[in-house]
Structure formats: structure tokens, C-alpha cells
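Subject: Handing over the structure

Hello,

Here is the structure I promised to pass on to you. Please open it alongside this email, and read on below for what turned up.

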Amino acid sequence: MLRRSPFLALLAVVSLTFGVLSQYDVFADEKKTEAKKDEPALGQDPHKLADGLSKLFDQLLAESKIKPSKLCDDDTFLRRAYLDLVGRPPLPREIDEFNPGSRKDAFGNKGDDKRPALIDRLLESPEHARHFADMWTVITIGRDADGNSKRFLRQYLETSFAQNKPWSEMVYDMVAVIGDTTEHPEVGYLMSFENKPQDMVGITSKVFLGKQIQCAECHDHPYEDFTQNDFRGMQAFFTHGRTGARGDGANRVWYTRGDKVVKDKHDALVHNVGKQWLYPQFIGRESYELTLGKTLRQSLAEWMTSPDNTYFREMGVNRYMAYFLGMGFVTPVDDFNSLNEPSFPKVLEIMGKDFAASGYDTRYLIRAIMNSDLYQREVDTNRTNRNDFKYYSRAYVRKLTPEQIHRSILHVVGIERLNQVEPIRDVPENQLTPEEKASKKILDGVNGWKGHIYNQMRIAYGAEPDMRELGDYDGTIVQALMLLNSHLLGPGWLTNSIDKICEEHANHNDRVRAIFMTVLGRRPTARDAAIMGGVMANWGGGNAVYEDLFVALMNTTEFATNH
Amino acid sequence: MTTSLSRRDFLRTSAAAGGVIATSSFFSHTIRGEDKKTARVRNSKINHVILLFMEGGPSQLETFDLKPGKETGAPYKQIETEVPGFAPAEHFKEIAKRAEDLLLIKSMSSREGNHSRASYLLRTGYIPNPTLKHPSLGSIVAQQLGDPTFELPNFVKLRGSPFPAGYLGVENNPFVISRPGAKIENLDYAAGVDQERMDRRMKLVKEMERDFAKERGDEAVEAHKAMYEKARKLMDSPLRKKFYLEDEPDEIRKEYGEGAFADSCIIARRLVETGVPAVEVTLGGWDTHDDGFNRCQNLIGQLDRPWAALINDLKRRGLYDSTLVVWMGEFGRTPKLTGTQGRGHWPGNFCAVLGGGGVKTAQVIGETDELGYNRDSKNQNTLKDPVSPADLYKTIGTMMDWEMSKEFEAGNRPVWLVDKEAKNVEKIYK
């Protein structure tokens with residue numbers, strides 16, 4: 001989406017750094033001056049950053065003689081954006097509202113404004129907060145963390161993403177939290193580590209700073225300048241990061257304990273696992289100036305989330321580049337080290353500064369990435385960009401995460417939408433009316449299924465918390481068996497959905513269209529209609545035919561990937 | 001297998017792009033080298049591996065390396081056997097009778113004392129690497145010996161968490177049965193679906209896939225297809241009954257005893273008998289930081305009879321010679337007792353027990369000092385004949401004639417099934 005507001009300054013600054021852009025080197029000095037003069041305020045308008053990125057990569061591609069893929073059509077964009085931001089494909093109603101391929105959407109946005117408006121709508125929806133809470137719970141503490149940790153952390157993340165709390169504040173809260181889960185559900189983060197400071201530091205540093213110092217727990221890092229002492233220096237910040245629990249049953253709360261405000265030098269000296277007395281020390285041996293009046297974790301969190309912390313801001317940018325584009329500047333996404341240089345260090349640097357200048361506004365960063373051409377290209381390639389794994393000249397087919405598949409299945413089969421229940425009063429079961437009891441039974445069934453399906457997805461994918469990377473299309477038989485045979489696809493669940501669709505649409509073609517939109521999040525093409533005509537010709541009648549179509553579409557690669 | 005061919009092409013074309021992917025490893029789960037089974041004939045009579053994996057780190061001092069009467073010892077008696085040095089804890093009533101069929105290693109040794117890292121090491125022979133996922137023993141065996149067209153999975157894991165095959169690819173992932181003996185979920189068609197309806201669903205999928213591949217490239221489609229072909233074959237296979245115990249005679253079930261571990265061992269035998277090359281059975285609960293004597297006694301109670309029955313049963317059916325049975329966990333436990341009669345993590349020396357195909361049984365390898373330590377007061381290593389996890393993998397690889405000199409490819413880097421630095425422990429098989 002090229003806009004008329006060029007972001008030349010950024011382009012100029014960035015261009016300087018590329019050997020590939022040799023022709024610009026001639027103008028290096030001139031550009032530098034220009035850059036200084038015109039440098040726009042960073043972190044203000046995500047569309048400027050988006051345009052800057054689009055233009056910059058157009059230049060880079062031209063230099064590399066790579067022709068980018070076309071920008072994708074509205075149908076493709078719609079589904080891609082829904083899966084990325086809310087974790088499921090769009091519903092038929094939402095497809096109609098966006099009005100793919102037409103000039104105007106149902107909200108009065110026209111032409112080039114339709115896509116940015118959709119991104120804004122999705123970012124502000126409660127489903128987005130829920131999806132990002134799911135995603136970040138997995139990234140931080142993993143699918144195998146204990147249930148209570150996951151529950152509290154999710155709760156904190158969902159509320160925070162819903163308020164668009166700055167990323168720096170969220171990380172600060174998770175790392176520095178003091179209190180208990182009634183007021184501070186973010187305790188869930190620390191409590192997941194079961195009082196192992198070495199795990200707290202390993203994950204905190206990998207996930208939020210992109211520094212994998214956990215290797216230095218047992219030996220000096222093989223190719224980084226980390227020693228065991230560096231690891232212990234970081235670990236020392238968590239010496240007081242213990243969590244505990246009190247109360248039972250419904251009254252049980254978890255809290256952080258032992259946090260000591262540092263009043264003098266002696267309070268910061270900690271007795272560490274290595275049986276040495278030492279002072280905490282930041283990664284990269286940046287010396288830690290003892291801050292009085294704060295706990296060690298507060299000092300660490302402050303350093304981590306400062307606008308000046310390059311690790312923090314670049315890790316944030318790389319995470320979202322990798323998530324939205326299938327590939328970050330650094331791969332694996334959270335392994336920044338001297339042997340794993342970013343593909344475009346200067347772009348990463350500038351985007352990092354921009355992210356920090358926005359006040360670590362996650363939505364700002366997401367708007368910039370999603371509104372750029374880099375995000376909106378087609379998967380379909382041409383001769384020149386088939387093998388491009390660097391310049392973002394094409395979109396990649398990305399396998400859905402277990403969380404996305406889980407959400408998509410529940411949504412597509414419609415067990416929430418189509419088995420709706422009346423609100424149930426929060427009273428003991430014996431006081432419920434018979435109607436409420438019936439509703440509760442359905443609701444329990446739905447909730448049971450949700451948990452169950454998620455568990456299955458976990459088994460199918462393994463418990464690896466890492467984000468999936470490009471080229472990794474692995475699924476297991478378990479996943480296939482589930483999508484083919486799950487009870488969810490039988491009487492009571494899928495059959496209800498099908499009955500509803502058949503009730504709403506009398507005509508065969510309309511039913512097929514509704515099923516396509518429901519399962520694949522797009523309207524059938526003429527080609528699809530021809531396939532359906534051919535294959536379904538001898539299928540006979542009745543609603544079973546539509547069940548078969550529905551389940552078949554759920555078992556396609558198109559359903560299981562974002563593209 | 002078209003999957004891997006297309007993956008290989010994918011990599012080739014990627015490689016053709018020169019330095020483009022050289023700095024990254026985002027193909028960490030892909031593999032090149034599908035020509036594996038075409039010409040090569042393995043020179044080994046071992047056709048199956050059953051791994052009995054003890055999760056949590058089983059104490060050597062409560063199982064096979066007792067120090068009775070010493071301050072570090074458990075208050076257990078040990079059972080002397082005809083094999084010198086093979087004197088298990090008194091609760092191993094049945095296994096003690098099988099000393100002639102087993103080889104005990106008392107000198108397994110590593111430096112990983114963290115559960116997840118050590119489990120990774122003992123399951124794969126490599127220490128964990130954030131950028132590369134190694135396959136576990138079962139996946140290696142599935143890839144080396146497995147028939148890709150076999151109706152059952154080539155690697156079945158009974159209980160425990162899934163451990164993906166990493167760079168060996170999805171076709172060598174374990175098929176995990178979380179509740180052995182119980183109905184396996186989603187293996188049967190959903191209610192109201194028959195063969196005909198399943199067929200037409202799959203026919204439509206095929207048509208849709210063809211179009212998707214045309215427009216969006218075929219890598220994803222090929223991987224997807226492989227997964228579904230295998231699933232369909234399994235759903236429709238009469239061999240599925242091997243996952244269940246219904247047709248297993250009562251006297252055999254009695255011989256194995258009761259419990260999930262016993263049921264798993266019977267299923268392991270049934271699968272091996274049917275031709276499944278790799279089975280892993282997990283028994284958890286060995287992380288005995290507290291109350292270790294009671295807990296280990298209880299665990300041995302679950303373990304002893306099924307394990308011995310498995311050996312007997314395999315022998316009766318003439319399968320013990322072609323089946324390697326490995327018992328081990330991720331590490332051992334500290335000789336020094338905690339105040340609560342428990343022990344901490346201790347990777348310095350621990351036990352593994354091998355039996356069956358190719359193993360020179362009725363012997364003990366390695367020895368710890370009289371208190372169970374592997375180092376003296378000057379921190380000098382005193383462990384006799386130390387065997388590292390990588391050494392064990394190398395030895396098993398040699399015994400089974402794996403393609404250990406072959407360069408596999410994971411991302412842009414070469415990898416080997418077994419660590420090149422590892423050494424063969426010839427005593428195990430010669």
C-alpha cells in the first residue's frame with residue numbers, strides 16, 4: 001500500500017548501510033546531510049514506517065534484480081489478517097462486511113483505506129487480546145507450564161493487550177512483580193519456573209532480549225563472550241524472585257516473596273548457586289549501578305525495558321517481523337549472537353528505535369508491518385523470487401500454530417456460535433432452574449471440548465514453545481486423525497452447524513458458498529465451483545453431502561496454513 | 001516418498017540461491033538424503049529396539065549399584081546373582097533371575113544434571129542445541145530400519161510426551177499412545193461415516209490440494225499429503241488390534257502383572273512381533289528428592305515383573321535375539337542422602353541395562369568407589385570404564401549398523417546420526 005507520504009529520510013539512512021546499494025554510496029555524504037535535516041520524528045505514524053519499509057525493499061529488490069510478487073487480493077489479505085491478529089479465519093458475515101474486491105466496506109471505508117481500517121478493527125477487538133494472550137503465554141512459559149501459572153499469566157496478558165499497555169510495561173510487570181495473584185496475575189510468569197532462578201533468567205533473557213545465555217549455565221558459551229559468571233550475574237537478579245502459595249481451594253493465591261529493597265551495598269550481594277558471593281550483573285557486562293530503594297528484579301526490569309536497551313527493542317521488532325512475515329531479520333527468532341547477524345542490521349536498528357520511540361506500542365509496530373507491502377504480497381512467485389528467503393519479495397505459506405488451529409476448529413465448527421447458551425447465574429448447581437441446568441450442560445460440553453481439542457493439538461505438535469519457522473510443515477498423524485475423525489465432526493456438533501447452514505440457504509450453490517466461507521474464510525472461485533460440480537455430482541442428497549464437503553475442506557492444506 | 005523428494009528439491013533450490021539462506025537455519029526440521037533404503041543392506045540381526053525410559057533420573061543406589069551398610073547406601077538388601085557385580089536391590093525378584101540375559105553398565109556418565117537437558121541427551125545422544133532438533137533413539141531406528149509403506153507407525157511411544165524426530169522429518173515422529181490399552185482417540189471414523197463417505201471426502205481433498213499446490217507451491221501440500229496417507233493407512237489397517245490387549249491370553253497378562261507399565265510392555269511385545277522397529281515405554285516418577293527408599297521400592301514393584309516377563313516372552317517367541325532392550329533414565333542420584341531420605345540429581349555416574357539382540361550379556365561394565373562416587377577427594381575421576389551417552393549411541397549404532405558415516409542435512413549444516421567424537425564400547429557386544 002504505497003502512500004503519497006514518502007519516508008525518504010529513513011530510506012536514505014538505511015540505504016547508506018548496504019553494500020548492495022553501491023550506487024547510493026556515491027551520494028553517501030549528501031544523503032547523510034539530508035537525513036539529518038529531514039529526519040522525521042520516530043514513533044509517530046505507523047503508516048510512515050510502513051511506506052518507508054515498502055520503498056526501501058522495493059529499492060533493495062531492484063538492486064538485486066528480484067521482481068516481487070504482486071500484492072495479494074482482498075480475500076487473501078482478509079484471511080491472512082484474521083489468522084494473524086485473532087487466530088482464526090473470518091466468518092461469512094465478516095467476509096461480507098469487508099466486501100472483498102469491492103471499493104467500499106460495510107463501515108464506509110473506501111479503496112486503500114479498507115485494509116488499514118480492517119487492521120485497526122481487528123487490533124481493537126477482544127479476540128485479538130485473547131489470541132495474543134494465548135500466543136505470548138506459549139512463547140514465555142510454554143504449553144507445558146502448570147495450569148495455574150498459565151491461567152494467571154493469560155489473564156494478565158489478555159487484559160494488558162486489550163488496553164494496549166506498552167510492551168515495556170508488560171515485561172516490567174512480569175519481571176518485577178511484587179504481590180499476589182489477586183491483584184497481580186502476572187505473578188503467573190515467575191511462578192511457572194517453580195523457584196528455579198536459572199530457568200527464570202534463561203527464559204527471560206531469551207524471550208525478551210534474544211540472548212540465549214542459558215548455555216552458559218553449565219559451561220562458558222561456545223561462541224559468545226558469555227561465561228558462567230555472566231550467567232550467574234544475571235541469575236543473581238532473580239535470587240529474590242521466589243514465589244509461594246497460601247490458602248486453599250478457591251482462596252488459594254500465589255505471591256512473590258523474599259523481595260528485599262536494596263538499602264545498602266550489602267543487600268545486593270547475593271549467595272548464588274555457584275556458591276560464590278556476587279553482585280548482579282547485566283548481560284554484556286554492562287556494569288550494574290546499585291540502585292538503592294529498589295528490589296533487584298525492579299532494577300533488572302528497568303534496565304531491560306528502557307528505550308535505550310538495544311536487545312529489548314530489536315528482539316521486539318524481530319519477533320513481530322518473524323510472526324507476520326514468516327521470517328525475521330534474525331533466525332531463529334530469539335537467537336541474537338555474533339555468528340547469527342541480522343540480514344539487515346540497519347533496518348532492524350531503525351525499526352527498534354522507532355518501536356522504542358512509539359513508547360513500545362505493540363499496535364504501532366504491528367500496523368507498520370501489516371500496512372507495508374512486505375506483508376501484503378502474494379505467495380505465488382515468479383522466476384526471479386522463487387528462492388528469495390531474505391528480501392521479503394513474496395509471502396510464505398506458514399503453518400498454523402496449535403493455538404491458531406485450535407481456535408479455527410472451534411470457530412469453524414461453530415460450537416460456541418451455534419450451540420449458544422443463555423447466561424447462567426453464578427449460584428450453586430442445585431439452585432439453577434431446569435433451563436439453566438440444560439444450558440450449563442451444553443456449556444460444560446463446549447468447555448470440555450475446548451480443553452480436549454487443545455490437549456490433542458498439544459500432543460500432535462509436541463510441547464515445543466518456539467514459534468514455528470519457515471519450511472517447517474511438519475504435522476503428525478495425530479493431527480490428521482483428529483481432523484478426520486474427531487467426535488466434534490459428528491452428531492451434535494458439526495451436524496448442528498450443517499443443519500443451520502442448510503436452514504439458512506435453500507439453494508445448493510448458496511450452501512456450498514456458505515461452507516467455503518465458513519471453513520476456508522473465502523468465497524469459492526469459479527474453479528472451485530467446477531471442482532465441486534465434478535466431484536459432488538454423484539454424492540446423492542441430504543445434509544450428509546454438506547458434512548462431507550465441510551470435513552473435506554477442513555482437511556486441506558489451505559485450511560491448515562496461513563498464506 | 002515424494003515428501004522428502006520434494007523437500008530435497010526445496011533445499012536444492014534454496015541452496016541454489018547462494019548465500020541467501022547461508023546465515024539462517026530455518027529449515028531445521030528438514031532433511032535431505034532419501035536414497036537411504038534403496039541399495040543398502042544392513043549387516044545386523046537386530047531388527048527392533050525397545051527403550052524402557054525411566055523419567056526423573058532413577059537412583060543407581062536403590063537399583064543396580066547398591067552400597068549396603070555404607071553411609072550412602074539404601075537400607076535394602078541386594079540379591080547376589082551368578083554374574084559377579086550384578087546384584088540388584090532385593091525388590092528386583094524377577095530381574096535378578098535374568099542376570100544371564102542382561103548387561104549392566106554402572107558407569108554411564110554425563111555432565112547434564114537438568115531434567116530436560118539430560119533427557120534430551122539420553123534420548124538423542126546429543127546435548128540440546130537451540131537451533132537444531134535431534135531425533136530420539138526410536139526415530140533414528142524408525143528412519144534406519146522402518147518401512148515407509150508399513151501400515152503401523154515405525155515408532156510407537158507408550159506414555160510420555162511426544163518427542164519430534166527433528167531433522168529426520170515428520171515420518172519418523174513417534175506415534176504417542178497416552179493411555180496404553182485404552183481406545184485410541186480418533187482412530188475410528190466419526191459416528192455416521194463409512195468407508196464410502198471417507199473416500200469421497202478424501203477425493204475432494206485431493207482435488208483441492210492440486211489447485212492449492214499449483215498456486216501456492218507444493219512443499220506444504222506434499223508434507224500435508226504424506227501425513228494424511230499415513231493416517232488413512234493406519235485407520236484402515238487390521239493391524240490396529242495390536243495396540244490393544246483384548247486378544248492377549250490371560251496367562252500372558254498374568255505373567256506381566258498389572259498396571260500401565262505392565263500393559264505397555266505387553267503392547268510393546270505385540271508391536272515388535274508385528275514388525276514395528278522402535279517402541280519406547282516410559283515409567284515416570286523417579287525424581288526422588290524425598291522419601292526415596294519407599295518411592296523406589298514402589299517403582300521397582302511396577303517395573304520388575306513386566307520387564308522380566310518381557311524378556312521371557314520375547315525369548316519364547318524367538319525375538320530376544322533380534323530385539324535390543326534398553327533400560328535407562330536421564331541421570332542418577334547423589335550418593336549423599338538428603339535430610340528427607342532423598343537424593344539430588346547426579347549425572348556423574350549412573351546405570352543402564354541392556355539386553356537382547358547383539359548384546360554380550362551376563363557381564364557388568366564399570367564400577368564406582370565403595371561409597372558410590374566417581375571422583376576421589378582430589379576430584380580425580382575414579383570411575384572405571386566410563387560410558388558417555390554419545391558412546392552408548394555410537395555402540396548401539398554399530399551393533400545395528402546405522403549409517404553413521406553419512407552426512408544428513410539439517411538446514412544448511414551437516415549432521416550425523418551419532419556424535420563423531422563418540423567412541424565404540426566394544427565390550428558391550430564383543
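A definition to begin with: a residue is called buried if 20 or more other C-beta atoms lie within 10 Å of its own, exposed if 12 or fewer do, and partly exposed in between, with the C-beta atoms placed from the backbone. Asp180(A) has 19 C-beta neighbours inside 10 Å, so Asp180(A) counts as partly exposed.

Some housekeeping before going further. This is a predicted model, in which local features need pLDDT of at least 70 and side-chain atom pairs count only at pLDDT 80 or more, while totals for chains, interfaces and linings use all residues. Residues are numbered from 1 along each chain as its sequence is written, and chains are lettered from A and ligands numbered from 1 in the order in which they are written.

**Chain A**

To stay with Asp180(A): it sits in the loop between α10 (167-176) and α11 (187-191) of chain A. Helices (H or I, at least four residues) and strands (E, at least two) are DSSP runs, numbered from the N terminus. Two residues are in contact if their C-beta atoms, placed from the backbone, lie within 7 Å. Setting aside residues up to four places away in sequence, Asp180(A) touches Val187(A), Val253(A), Trp254(A) and Tyr255(A). Asp180(A) and Ala544(A) are 364 residues apart along the chain, and 53 Å separates their C-alpha atoms.

Helix α21 (residues 477-485) of chain A is mostly covered, with 9 of its 9 residues buried. Among them are Ile477(A), Gln479(A) and Asn485(A).

**Chain B and its sheet**

Chain B has 10 helices and 12 strands, and buried residues make up 53% of its 430 residues. Take the contacts in chain B between residues at least 6 apart in sequence: 72% of these join residues at least 24 apart.

An open sheet of 8 strands runs in the order β4-β3-β5-β1-β6-β9-β2-β10 (chain B), with mixed pairing. Two strands pair if DSSP finds at least two bridges between them. At the edges are β4 (175-177) and β10 (363-365) of chain B, each of which pairs on one side only. From one strand to the next, the twist averages 15°.

Strand β3 (residues 155-158) of chain B runs parallel to β4(B), joined by 3 bridges. Here Val156(B) has Phe175(B) as its bridge partner, and Leu158(B) has Ile177(B). β3(B) is also parallel to β5(B), with 4 bridges between them; in β5(B), Leu158(B) is partnered by Val281(B).

What about β6(B)? This strand is largely enclosed by the rest of the structure, because 6 of its 7 residues are buried. β1(B) and β6(B) run parallel and share 7 bridges, one of which involves Leu52(B) and its partner Trp327(B).

Helix α9 (residues 292-316) of chain B lies across β1 (48-54), β5 (278-283), β6 (323-329) and β9 (350-356) of chain B, running at about 165° to β6(B). For that angle, axes are lines fitted to C-alpha atoms, for helices over the stretch in contact, and angles run from 0 to 180 degrees between N-to-C directions.

**The nonpolar core**

A nonpolar core is a set of buried Ala, Val, Leu, Ile, Met, Phe, Trp, Tyr and Cys residues joined through C-beta atoms within 7 Å. Of the 253 residues in the largest nonpolar core, Ile515(A), Phe550(A), Leu553(A), Leu52(B), Cys265(B), Ala268(B) and Val279(B) touch the most other members. α9(B) gives the most to this core, with 10 residues. Leaving out neighbours within four places in sequence, Leu553(A) is in contact with Ile515(A), Phe516(A), Val519(A), Leu520(A) and Phe559(A).

**Domains of chain B**

The domain bounds come from an automatic or database domain assignment, which gives chain B domain 1 (45-182 + 241-404) and domain 2 (196-235). Their C-alpha centres lie 39 Å apart, and 5 residues of domain 1 of chain B are in contact with 5 residues of domain 2 of chain B.

Best wishes
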